[in-house]
Amino acid sequence: MSKMCETDIDGIVERYRGQPGCLIHALVEIQHENHWLPRDVLHKLAKALQVPFAQVMQIASFYKTFSLTPKGRHEVHVCTGMTCHLRGAPKLLARVEELTGLKPGETDTESRFTLATGACLGSCSIGPELIVDGKHYGRMTPDKAEDVLKRYA
Amino acid sequence: MARLQSAVELDELRAKILASRDPARPCIAVCAGAACDGMDSAAVAAAFLAAVDEHRLAGKLEVRTTGCHGYCEKGPNVVVTPGDICYFEVQPADVPDIVAATLKGEVVERLVYQDPVTGAKAVHMDEVPFYKHQTRLLIGDNPKIDPMRIDDYLAVGGYAALVKALTEMSPEQVLGEVKKANLRGRGGGGFPAGSKWETTRNAPDKTKYVIVNGHEGESAAFMDRAMLTGNPHKVLEGLIIGAYAIGAQRGFMYTRHDMPLLTKHVRAALAQAEEYGFLGEDILGSGFDFEVELHFDVGIFVSGESSALMRSIEGNAPEPRPKYIRTSVSGIWDKPSNLNNVETWANVPQIISRGAEWFTRMGSEGSKGTKLISLSGHVVNSGVVEVPMGTPLRTLVFDIGGGVRDGKALKAIHFGGAMGGSIPAQLIDARLDFDEMSKLGAPIGAGGLLLMDEDTDMIEVARYLLDFLVNESCGKCVPCREGMPQMRHILTNLTEGKGKPGDLERLEDLAEVTGLSSLCALGKTSADPLKSMFRYFKPELESRIPAGSEGK
Amino acid sequence: MNDTSVVILQIDGREVKASAGTTVLQAAQKAGIHIPTLCHHEKLEAFGGCRLCMVEVQARGRTSYVVSCLYPVENDIVVRTRSEKVDKIRRVLVEELMAHAPDAPELVKLAEEFGADRDRFEREASFCVVCGLCVRYCNEVKQKNAVGFIANGALREISFVPELAKNECWQCQECFALCPTSYAQAAYLLTEALAFPGQRKAPIHGAQAPERVRRVIPINPVAAAA
């Protein structure tokens with residue numbers, strides 16, 4: 001996962017200078033590129049967009065998409081929507097937690113994986129699902145999880 | 001492509017498009033809906049394109065990537081025209097056979113539908129049981145349209161309704177037609193759209209906004225995304241017609257950030273609509289100006305609530321506003337804002353084209369038209385289906401859904417996700433009707449229908465749904481922020497065999513107070529699934545409390 | 001809104017006259033009718049978060065339950081500030097809040113009035129009832145935004161911004177007295193200890209306290225379990 005250099009982030013901040021209504025747009029772009037929101041960047045945004053820092057912080061901490069800590073190289077997502085739940089997602093999640101040593105929201109010390117849950121992604125028919133870096137692994141069973149995770153260094 | 005300046009120019013363009021398309025020429029439509037995409041339908045599409053290249057079939061065989069066909073369970077889906085031949089569970093390795101057969105006008109027998117019990121085959125779409133029992137007015141066009149090509153939408157008659165509205169009808173007449181049709185909101189509220197439009201139209205402020213709520217946070221509902229990803233122009237056309245009727249100058253499409261294909265298709269649709277002149281100034285020479293912006297959620301369910309969504313578009317945290325201030329009077333930046341669901345907007349073009357009278361002939365007394373339903377859970381055939389309102393649930397569950405998987409018995413049917421309710425299997429003859437289902441305690445909501453089999457622990461389901469909502473609460477008001485975790489805590493104890501005396505009474509109090517005093521619909525309806533458990537599955541609840549110790 | 005026009009409504013059987021554009025809470029308070037509140041403050045925009053001020057309203061043939069701090073007065077509405085349902089709502093909400101701050105004087109008083117049981121629900125000793133008084137005061141009155149909300153739902157907390165709190169808070173302290181549970185001062189002190197120990201800016205002589213002052217409750221040592 002490539003990190004943005006400071007100039008790219010500054011570019012995004014500049015584009016939204018003086019537009020408090022675009023705070024969320026700016027945060028989404030930075031999160032998308034940088035995969036997390038460093039505190040000093042939030043301060044820069046607050047100043048440039050003329051939004052109190054406390055409000056930037058509220059929004060950055062409110063939404064699950066934003067990460068205030070650096071994420072791992074691979075995002076491992078276990079869907080916990082209702083259909084996946086009924087079709088066995090809890091057992092799958094337990095196995096993935098066991099294999100990665102992580103609870104949802106956590107990143108391991110080698111920054112290999114970040115584990116996430118939630119958000120029904122609309123592909124209920126192939127649940128339960130494991131989604132790694134956006135790639136879907138449908139109709140998963142706990143015993144298939146290890147093979148999938150092995151593919152990601 | 002020069003901007004179309006009039007209805008006449010559009011007619012000419014449409015005629016030209018149709019003339020260039022030979023209906024006899026075979027076309028292979030590969031579904032790229034969420035589930036099919038998740039099963040790598042992209043590889044199937046790529047294989048077809050490679051085959052066309054390799055055998056120099058350009059001009060003889062068309063390959064089209066489309067939005068969701070609906071039969072998600074059996075994807076990757078491929079439909080071949082002419083003839084609407086349906087192939088299921090197609091893999092790249094099947095491509096050479098399909099190409100060869102199609103060119104010869106033959107069928108690949110091993111890939112067509114086979115009845116799981118009798119083995120009887122069905123080749124054409126109108127023979128396949130899943131499709132046969134549906135009325136696919138909204139989603140039926142999906143296999144014919146590549147969402148990246150506006151010409152495909154024009155080829156099936158797209159934007160003709162907009163022309164009719166702008167050139168033959170006044171805004172008041174358009175509004176009148178939608179009111180007469182009794183189009184009720186498809187996002188969960190079931191509120192008459194025409195009334196909402198009228199309130200917005202009559203609000204004193206001249207600046208008005210219209211919004212498409214494409215958030216679809218309801219768990220197990222995936223029909224809005226199927227509609228918006230597969231046929232964004234239909235939704236957009238409805239929005240433009242609505243803006244004309246209401247007197248809005250700006251529109252917002254609000255959708256999810258986590259679906260790249262959806263984003264790509266909607267952006268392309270907006271750009272192409274702008275290019276062709278369906279958006280912008282003086283649309284088709286009518287004097288009507290209208291622009292649309294695309295906004296994304298940031299991953300929280302409450303931002304699907306209309307006033308919270310508007311806060312989010314403004315750039316604020318999505319905290320809902322109490323409904324004493326109606327958003328149709330004071331919404332985004334305090335301007336009158338009319339918000340409707342994706343499916344609601346998608347209904348508008350056909351109401352204008354074919355008339356309110358035609359629309360009201362479908363459906364039941366109080367619920368008109370068709371409804372998109374996401375069938376899932378322990379169902380055999382999961383997918384996106386469309387049936388007339390008033391259809392008995394039995395038809396959805398057995399004729400279309402194929403019943404419960406693994407030969408198990410049906411225990412319950414759940415509607416409305418975390419804000420809905422479950423009804424027992426005995427009520428299978430209830431009809432898909434806003435008011436009837438509401439009275440039963442399982443409101444249709446956005447239309448996510450889940451089947452639960454005989455092994456389902458209903459208490460655990462109630463606990464799971466509350467858990468979902470606890471994570472999605474904004475935290476502003478006490479009953480939701482505090483009441484829901486307390487309900488979840490008690491239900492967790494019940495599922496773990498740690499029930500205590502007084503638990504049911506505590507649950508009932510929490511359910512009542514949270515329902516009465518929460519600020520927005522999330523908190524207000526959070527206890528509804530639990531209430532339906534009390535109503536229909538009370539013995540199961542009671543069995544978790546140590547015997548003889550109920551009452552505190 | 002025509003401020004001089006008068007609205008006539010009924011509250012608890014009494015005819016009450018109010019200015020158009022005001023809320024049911026304002027009308028009741030002016031008429032000397034008591035409605036409990038927690039997150040409400042005259043200097044701040046009505047929040048509608050605690051829901052304790054809920055009342056029953058009959059209007060246009062329908063009964064509904066609304067927060068009086070936000071509900072606008074209207075002609076001919078019938079308001080009841082006490083009823084079986086209203087009282088139940090208040091009782092259960094107080095019980096929910098006491099799971100976090102069982103000793104807060106305002107909550108103890110409400111518990112007595114509405115028969116709330118401080119032990120009814122699972123305890124979580126966070127002390128903060130997320131009324132937002134500190135955050136809103138700092139934002140709307142002081143306009144410093146030195147304290148804000150973070151996270152959502154049950155995880156929502158107040159959070160002092162160390163970079164700002166360092167220079168602003170000790171000179172002001174006005175939100176401490178507003179806090180119904182004394183959590184605000186504790187949160188500030190914890191932030192100071194962790195983020196800028198010994199570096200707070202000294203107070204200006206004569207710092208003003210807000211009009212409505214609550215007693216600041218010291219946290220009493222808990223007696224050892226028997």
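1. In this predicted model, chain B and chain A meet in a contact that takes 47 residues from chain B and 30 residues from chain A.

2. How much area is buried between the two chains? The figure for chain B and chain A is about 3,100 Å². Carbon and sulfur atoms give 58% of that area. The size of an interface is often given as the accessible area lost when the parts come together.

3. Two salt bridges are counted between chain B and chain A. One salt bridge joins Glu73(B) to Arg139(A). The closest N and O atoms of Glu73(B) and Arg139(A) are 3.4 Å apart.

4. Polar contacts also cross the interface of chain B and chain A: eleven residue pairs, with both residues at pLDDT 80 or more.

5. Which elements of chain B give two or more residues to the side that touches chain A? The helices are H2 (34-38), H13 (306-314) and H18 (458-472) of chain B. The strands are S9 (291-296), S11 (370-377) and S15 (448-453) of chain B. H18(B) supplies the largest share, five residues.

6. By residue class, the side of chain B that touches chain A divides into 22 nonpolar, 17 polar and eight charged residues.

7. For orientation within chain B, take the domains. Chain B is divided into domain 1 (25-125), domain 2 (150-360), domain 3 (370-450) and domain 4 (458-542). The centres of domain 1 and domain 4 of chain B, taken over C-alpha atoms, are 46 Å apart.

Methods. Residues are numbered from 1 along each chain as its sequence is written. Chains are lettered from A and ligands numbered from 1 in the order in which they are written. This is a predicted model: local features need pLDDT of at least 70, side-chain atom pairs count only at pLDDT 80 or more; totals for chains, interfaces and linings use all residues. Side-chain values use heavy atoms; hydrogens and water are left out. Contact means heavy atoms within 4.5 Å. Buried area is the accessible area (1.4 Å probe) that two parts lose on being put together, summed over both. A salt bridge is a side-chain nitrogen of Lys or Arg within 4 Å of a carboxyl oxygen of Asp or Glu. A polar contact is a pair of N or O atoms within 3.5 Å; within protein, one must be able to donate a hydrogen and the other to accept it, and residues adjacent in sequence count only if both atoms are side-chain atoms. Helices (H or I, at least four residues) and strands (E, at least two) are DSSP runs, numbered from the N terminus. Ala, Val, Leu, Ile, Met, Phe, Trp, Tyr, Cys and Pro count as nonpolar, Asp, Glu, Lys and Arg as charged, and the others, Gly among them, as polar. Domain bounds come from an automatic or database domain assignment.
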